[in-house]
Amino acid sequence: MKLLSLHASNFKKLKFKQPLTFTEGIVLITGLNESGKSTVLDAILYGLYGRMIKPNQKPSNEEIISYGSGEAQVRLEFSIGNRKYRAVREIHKTRANTAKLYEV
């Protein structure tokens with residue numbers, strides 16, 4: 001599997017205006033403490049599996065959605081072999097969450 005891009009809206013502290021694209025090869029994520037490195041990894045894991053690094057069990061919507069927002073979204077594009085996919089997870093405070101997988 002190869003990660004292609006990540007878009008996060010109101011996912012914890014992430015509010016991307018444009019998708020974060022992953023280049024060919026090894027990707028290094030660096031930054032100061034509390035700058036969002038682990039949150040990027042959480043968004044990738046949540047997009048794929050509906051789980052985050054911590055806690056080990058499924059997180060509550062309040063742990064995911066940015067303070068003051070009513071919903072969040074993670075959109076992850078990846079490829080497996082020659083096929084490309086988009087996983088979209090929407091998290092809502094007042095209604096059921098949704099998870100969809102598209103072949104692009």
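This is a predicted model: local features need pLDDT of at least 70, side-chain atom pairs count only at pLDDT 80 or more; totals for chains, interfaces and linings use all residues.
**Entry 1: salt bridges**

I started with the charged pairs. The count comes to five salt bridges.

The side chains of Lys2 and Glu24 form a salt bridge, with N to O at 2.5 Å. I checked where the two ends sit. Lys2 belongs to strand β1 (residues 2-11), while Glu24 lies in the loop between β3 (20-21) and α1 (37-49). The pair is 22 residues apart and links distant parts of the chain. Next I asked how open each end is. Lys2 has 31% relative accessibility, so I noted it as partly exposed. Glu24 is exposed, because its relative accessible area is 64%.

Then I turned to Asp42 and Lys12. Their closest N and O atoms are 2.8 Å apart, and the pair is a salt bridge. This one also links distant parts of the chain, 30 residues apart. Asp42 is in helix α1, and Lys12 is in the loop between β1 and β2 (14-15). Is Asp42 buried or exposed? I found 5% relative accessibility, so Asp42 counts as buried, the cut-off being under 20%. Lys12 is at 25% and therefore counts as partly exposed.

The last pair I looked up was Arg86 with Glu77. It is a salt bridge too, with the closest N and O atoms 2.8 Å apart. Arg86 is partly exposed because its relative accessibility is 26%.

**Entry 2: strand pairing**

I moved on to the strands. Which way do β1 and β4 pair? I read them as antiparallel, over seven bridges, with β4 covering residues 71-80.

On to β4 and β5. One facing pair I noted is Val74 opposite Arg89 in β5. I also looked at the link between these strands. β4 and β5 make a hairpin with two residues between them. In the turn, Gly81 has a positive phi of about 65°.

**Entry 3: Asn61**

I finished with Asn61. I located Asn61 in helix α2 (residues 61-64). Its relative accessibility is 18%, which is why Asn61 counts as buried. What does Asn61 touch, leaving out residues up to four places away in sequence? I listed Ile91, His92 and Asn97. With Asn97 there is also a polar contact: the side chains of Asn61 and Asn97 are joined at 3.0 Å.

How values were computed. Residues are numbered from 1 along each chain as its sequence is written. Side-chain values use heavy atoms; hydrogens and water are left out. Helices (H or I, at least four residues) and strands (E, at least two) are DSSP runs, numbered from the N terminus. Buried means under 20% relative accessible area, exposed over 50%, partly exposed in between (1.4 Å probe, protein chains only). A polar contact is a pair of N or O atoms within 3.5 Å; within protein, one must be able to donate a hydrogen and the other to accept it, and residues adjacent in sequence count only if both atoms are side-chain atoms. Contact means heavy atoms within 4.5 Å. A salt bridge is a side-chain nitrogen of Lys or Arg within 4 Å of a carboxyl oxygen of Asp or Glu. Two strands pair if DSSP finds at least two bridges between them.
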